[in-house]
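Please look at the sequence and the structure shown below.

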Amino acid sequence: MQRRFDCAAMRVLGGVAIQAAALAIWNAPAHASNNLNVIGFGVQSIGMGGADIPMSQSSEAVNINPAGLSQIGDRRFDYTLVPYYTGGGGHSDPLNGKSSPDNDFNPYYTGGGGHSDPLNGKSSPDNDFNALFNVGYAHRLNPSLVLGAGLFVQGGSGYQYKNLRTVFGTRDEYSAIFGVTKLALGAAYKVTDTFSVGANLGIAYSQARQKVFPDTSTADFSGLRFDGGKGVSANGRIGLLWLPTPDLRIGASYMSPTTLKLDDATLTVNQEAQGLGRVRYRDAEIKGFHLAREAGVGIGWRFQPGWLLAVEFNWLDWSDAMKSATLRARDPNKPGAPASLAIVSPLNHRDQYVWSIGMAIDLGEKAQLLVGWNHTRNAIPSETLSPAFNLTTENEADLGLIYKISPKWEVGAVIQYQFDHDITYDNPDQPFGAGAKEHYSLIGIDIGITRRW
């Protein structure tokens, strides 16, 4: 009976995982905490506020600290679904007042987020509902060697506002959706009973689409629509895990930077005011987007039976990764149009220094309570802020519970809360004027299931 239940459950999980993968790949997320990155992967990781480098003991360790794979049993499967809603979030500027994005529910809820400006008041995004996912599997080959693989939504950015007032007297759409999905293949080797090393190869699939008032055309402004940008790139991660005593864990992890490719796209430029109509450039790309290199170290300490404290520090090199972005387009479909276009946008993102603290408290033999806090600064300076790179929160609180159904099956859930954050800015490269404002907050639920062998 147990074997039939296991097989049926795994078939259901497989179907859910495939559907969630399709959703994540084709609907880029607007949820991130540490700039473009999410704060963690899996219930334990997120429930402890991202203090996961010394604590990773699941198959999802392949994308956190690969050395943690050495802590699994014979085999392990982990799946996490992350619905979220960004309902109150948005943008405001002198034209629009406050605008909430149209993609608030993802199924996280980014309640306070949005955009406002003098014309529109507060604008809410149209993409309120979305979902992320993580899925991993690890297999022990021998007492020393464990292999692991996982598919993860690494992060993303962007909102969609469909009906903004513009300085040109029109109502139009402003949207920028960008996401990264990652396949991680890794291994851990147990050098001694107390020291493990690990490494992974990451294959990142990135995609983007953008609209900047595409139905608006004047003598001085031509609306843009960028579609189909996508590409594959690679990076690597190494990790260490040391257990000097049964109650103390020390971990370290480093990830190389990732060049994100957004090629094979088209760019449509609205040049109706110039008598050319809508010009479609059949060869377009965006260069300059990267995931930052990361370096982190953490300590986990079981200071008394049933009580575990983890503290972690991470550095993310966004100042090198996100300097500027260049949109290039060639091969127009109409004579008389410029043969090529190049638009450079400064980004000038700042490095992030992330502090995470988490606790795991045993509630009897089957249940464990998770509490976490994550703190950093927003990586995007106000002079280059825009709805395209949505403002990210500086503080997040997490509360979770893991419950062991049996020695083989485990379920868990986490509530995430990213605190309200807003910035007023004047970006000369954006068509909103002085006094634009971005708003952001989020409430999310992470649901996970684990199968051990």
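The paragraphs below turn from paired strands to charged side chains and then to aromatic rings. The model under discussion is a predicted one.

Let us begin with the strands. Strand β16 (residues 307-316) and strand β19 (residues 352-363) run antiparallel and are joined by 10 bridges. Within this pairing, Ala310 stands opposite Gly358 in β19. On β19 there is also a pairing with strand β20 (residues 367-375), again in the antiparallel sense, over 9 bridges. Here Gly358 has Gly372 of β20 opposite. Between β19 and β20 lie 3 residues, and the two strands form a hairpin. In the turn of this hairpin, Gly364 has a positive phi of about 85°.

We turn next to the charged side chains. Side chains of opposite charge can pair when their charged atoms come close. Across the whole structure, a search finds 15 salt bridges. One of these joins Glu410 to Arg452, with the closest N and O atoms 2.9 Å apart. This pair links distant parts of the chain, for Glu410 lies in strand β22 (residues 409-425) and Arg452 in strand β23 (residues 436-452), 42 residues apart. Is Glu410 buried or exposed? Glu410 is buried, because its relative accessible area is 7% and the limit for buried is under 20%. Arg452, at 23% relative accessibility, counts as partly exposed.

Another salt bridge connects Arg293 with Asp320, where the closest N and O atoms are 3.5 Å apart. Distant parts of the chain are linked here as well: Arg293 is in the loop between β14 (290-291) and β15 (294-304), while Asp320 is in helix α3 (residues 318-321), 27 residues apart. Arg293 is partly exposed at 26% relative accessible area, and Asp320 is partly exposed at 36%.

A further salt bridge is formed by Arg225 and Asp227, whose closest N and O atoms are 2.7 Å apart. Arg225 is partly exposed, with a relative accessible area of 35%, and Asp227 is partly exposed at 21%. Salt bridges also link Asp263, Asp283, Glu285, Lys287 and Arg330 into a network.

Finally, consider the aromatic rings. The count of aromatic pairs comes to 12. Ring pairs join Phe168, Tyr174, Phe213 and Phe221 in a cluster.

Definitions and conventions
Residues numbered from 1 in each chain as written. Predicted model: local features only at pLDDT ≥ 70, side-chain atom pairs only at ≥ 80, totals over all residues. Heavy atoms only, no water. Phe/Tyr/Trp six-rings, centres within 6.5 Å; stacked < 30°, edge-to-face > 60°. Salt bridge = Lys/Arg side-chain N within 4 Å of Asp/Glu carboxyl O. Buried < 20%, exposed > 50% of the residue type's maximum accessible area, 1.4 Å probe, protein only. Helix = DSSP H or I, 4+ residues; strand = E, 2+ residues; numbered from the N terminus. Pairing = 2+ DSSP bridges.
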